[in-house]
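Here are my comments on the two-chain model you sent. Please read them with the coordinates open.

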Amino acid sequence: MLMDRNHIIQEYISLAKSLNGNVTIDNDTLHIIIPKESLVEIADKLFNKYQCDFRTCIGVDERPVNGYFSMTYVFTDNRNSLYLLIKTYIDSLNPSTPSIMKVVPAVDWCEMEARDLLGIEFTDREQYKLVLPPGWPDNVYPLRKEVPYNYRPLLRGTSEKISPSTELGVIPIGPYHPALHEPEYFELYVEGERVIDVKYRGFHVHRGIEKLAETRMTYQQVNFLAERICGICGFEHSTCYALAVEKAAKLDVPERAQYIRSIILEVERIHSHLLWLGVAFHVVGYDAGFMHMWRIREKIMYLAELLTGSRKTYGINLIGGVRKDINEDKKQKTLETLRELEKEFRELIEIAINVPQVKKRLSGTGLLPKEDAVKFSVEGPVARASGVNKDARRDQPYAAYKYTSFKVPVYTEGDNMARALVRINEIFESISIIEQLLDKIPRGPIMLEDFDIPEGKIGVQVVEAPRGGDVHFVITGHGKPYRWRVRAPTYNNIPALKIMLKDQPLADAPLTIASIDPCFSCTDRILVIRENGKREWLRITTGV
Amino acid sequence: MPSKLESIKKSIWVFHLNTGSCNACDIEILDALTPFHDAERFGVKLVGTPRHADAILLTGPTTLEALPKVINAIEASPRPRILIALGSCGSSGGIWHDTYSTIGGVNSLLKILKERGVDVDAIYYIPGCPVRPEAVLYAIALIKGIVEKRVKSVVLNAE
């Protein structure tokens with residue numbers, strides 16, 4: 001295994017060298033700096049030949065440091081637990097770089113995000129506005145360092161025209177819709193009862209988190225801000241941020257703290273999956289299932305409160321460790337709660353998943369074939385239900401997962417039922433992981449005292465949230481991150497909805513949208529706006 | 001509370017308007033409605049359109065993207081019009097009070113509504129980050145007049 005890994009690292013190095021690249025190795029991360037002419041070629045090789053997983057791309061304004069913009073593309077080699085950061089510098093007077101969308105379709109949104117927020121132009125692709133609200137002034141790019149975080153254009157938001165006229169029937173869903181609890185807008189084009197095309201406009205929840213972290217906050221405060229990215233998977237975000245900074249600064253965090261982090265992460269996974277099952281049952285009209293799922297979920301909420309002092313957005317993570325310990329009493333109560341929960345959940349889910357209407361509505365709807373799942377780099381249960389065997393807990397072990405053994409459920413059907421079954425199995429696995437961790441938890445401190453964070457270091461971390469892999473990318477700065485980029489799993493999963501909704505009955509659309517467990521507040525965190533009051537429609541993707 | 005609110009005291013139908021929140025408050029609202037806390041025993045119900053709503057629940061700092069839609073929804077709701085600002089972000093804008101893509105808190109929203117000539121009859125604030133389901137229950141009881149308000153409100157505003 002070790003031989004293999006060294007061998008593959010050598011292959012990556014010679015690949016980069018052959019394209020005039022410069023490689024530095026830092027533990028599990030390969031930093032490859034490449035001229036922009038070779039970008040498409042190296043991305044093609046990594047994604048299509050070596051089958052690396054594309055995670056995200058990050059635009060950085062490095063003008064105060066070296067006078068350039070830069071783009072960094074994050075790939076991971078899941079079989080060898082490697083991160084590959086492909087970086088290219090872009091001239092600041094005429095910021096333009098070739099797009100890699102032809103070879104890596106999943107790059108669509110993150111390139112457009114860099115264009116909106118930093119003003120980097122991408123050639124060889126169709127460009128459109130993605131994140132900023134309509135009416136946002138031209139030539140103001142919020143993530144450029146000279147723009148203050150509280151720059152606020154006077155926008156009074158005139159309502160946009162909903163739909164361009166077309167011969168097809170258009171069914172709008174959202175932005176405020178009883179089946180969706182977050183603002184997002186889907187436009188379904190239908191022929192009779194069948195959906196033939198979908199357009200999506202989201203980014204209603206762009207609050208400017210990244211800019212805030214780079215300007216007004218300090219390292220330790222950003223942990224609490226990261227929790228506010230999402231109210232459901234907040235702890236994943238703060239863990240991911242803390243791990244990325246710890247990796248950049250090479251901090252050795254106490255084992256006990258890592259165990260506690262893993263335990264809370266699994267508690268969060270259980271409550272999130274129970275929540276999703278409830279919502280899915282509600283959408284198919286099985287409200288008894290919804291109420292029961294939420295009833296037993298309340299046990300987990302009280303468990304979270306017992307362990308961390310808070311029902312949500314837990315507030316115990318810091319860089320260097322955690323703030324709350326688990327004592328013997330809490331341990332016993334946790335085990336007791338989990339036993340009760342497992343018994344009740346097993347009983348309930350066997351009934352619920354076999355209710356004829358549930359079975360029929362879930363089976364065979366919202367199909368996502370494996371090739372498309374790979375092409376869009378989808379994450380989490382959506383990927384695992386389509387036969388893509390990836391889970392960051394196993395592939396890029398972080399926190400204390402390397403000390404546990406668990407199964408990663410993978411189904412090949414790719415329908416809504418498979419996505420439900422993946423989540424059901426994961427709940428049982430999570431319960432077993434918490435029991436293993438509580439059994440093995442070592443003694444010792446829970447917080448690293450006294451450490452320095454050097455400037456200009458890069459850390460990138462993937463954390464498996466309930467919805468898929470979160471990616472946090474940090475460049476350290478003076479007292480606060482120089483650049484912090486967050487990529488939530490829904491960001492990669494939404495474009496795949498186009499495939500799932502196509503040629504399906506309209507009645508299944510809300511269920512299929514819910515089946516990716518969308519989390520729009522995570523996805524939208526960086527939104528920005530568009531010009532002349534004219535909204536251009538966001539294409540889910542082109543070239544499909 | 002003014003007497004015109006008497007008419008809605010029997011069962012309050014609520015339209016949930018997520019104006020850019022992180023979901024935590026939204027999930028706690030659903031939590032308050034499900035069996036453990038069971039706010040439905042007070043006649044509270046989430047409805048699918050603002051036209052059927054007695055109260056509008058605002059969660060989150062209003063983002064620029066959501067603003068026009070939020071105004072439309074509030075305009076569409078019948079009088080008497082009650083707004084409930086939920087959580088730190090809903091009440092004051094929270095940590096986002098001055099970021100580039102929000103308008104910051106319900107106060108700025110009220111100003112914009114006033115410019116548009118949209119009247120608001122009453123506004124309630126539920127604090128917390130996120131709000132606890134118990135706080136939601138307390139607010140319902142307060143609106144229905146089951147409990148007395150226990151804090152005095154003092155308006156501190158530089159303007």
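1. Basis. This is a predicted model, in which local features need pLDDT of at least 70 and side-chain atom pairs count only at pLDDT 80 or more, while totals for chains, interfaces and linings use all residues. Residues are numbered from 1 along each chain as its sequence is written, chains are lettered from A and ligands numbered from 1 in the order in which they are written, and side-chain values use heavy atoms, with hydrogens and water left out.

2. Chain contact. Chain A brings 62 residues to the contact and chain B brings 50 (contact means heavy atoms within 4.5 Å). The two chains bury about 4,500 Å² between them, with 59% of it on carbon and sulfur atoms; buried area is the accessible area (1.4 Å probe) lost on putting two parts together, summed over both.

3. Salt bridges. Between chain A and chain B there are 6 salt bridges (a side-chain nitrogen of Lys or Arg within 4 Å of a carboxyl oxygen of Asp or Glu). One of them joins A:Glu305 to B:Arg132, with the closest N and O atoms 3.0 Å apart.

4. Helix α4(A). Buried means under 20% relative accessible area (1.4 Å probe, protein chains only); helices are DSSP runs of H or I with at least four residues, strands runs of E with at least two, numbered from the N terminus. Charged side chains are among the buried residues, including A:Asp108, A:Glu111, A:Glu113, A:Arg115 and A:Asp116. A:Gly119 follows the helix with a positive phi, near 75 degrees.

5. Second largest cavity. Its volume is about 180 Å³. A cavity is a set of points on a 1 Å grid over the protein atoms alone where a 1.4 Å probe fits but cannot get out; a pocket is an open set with protein on both sides within 12 Å along at least five of seven lines; lining residues have an atom within 4 Å of a point. Grid points are joined across faces, edges and corners, and a volume is the space filled by probe spheres set on the points. The lining has 16 nonpolar, no polar and no charged residues (Ala, Val, Leu, Ile, Met, Phe, Trp, Tyr, Cys and Pro are nonpolar; Asp, Glu, Lys and Arg charged; the others, Gly among them, polar). α5(B) gives the most, 4 residues.

6. Second largest pocket. About 640 Å³ of space lies here. Its lining has 21 residues, with A:Asp28, A:Lys247, A:Pro397, A:Lys402 and A:Gln461 closest to the centre. By class, 7 are nonpolar, 5 polar and 9 charged.

Methods
Buried < 20%, exposed > 50% of the residue type's maximum accessible area, 1.4 Å probe, protein only.
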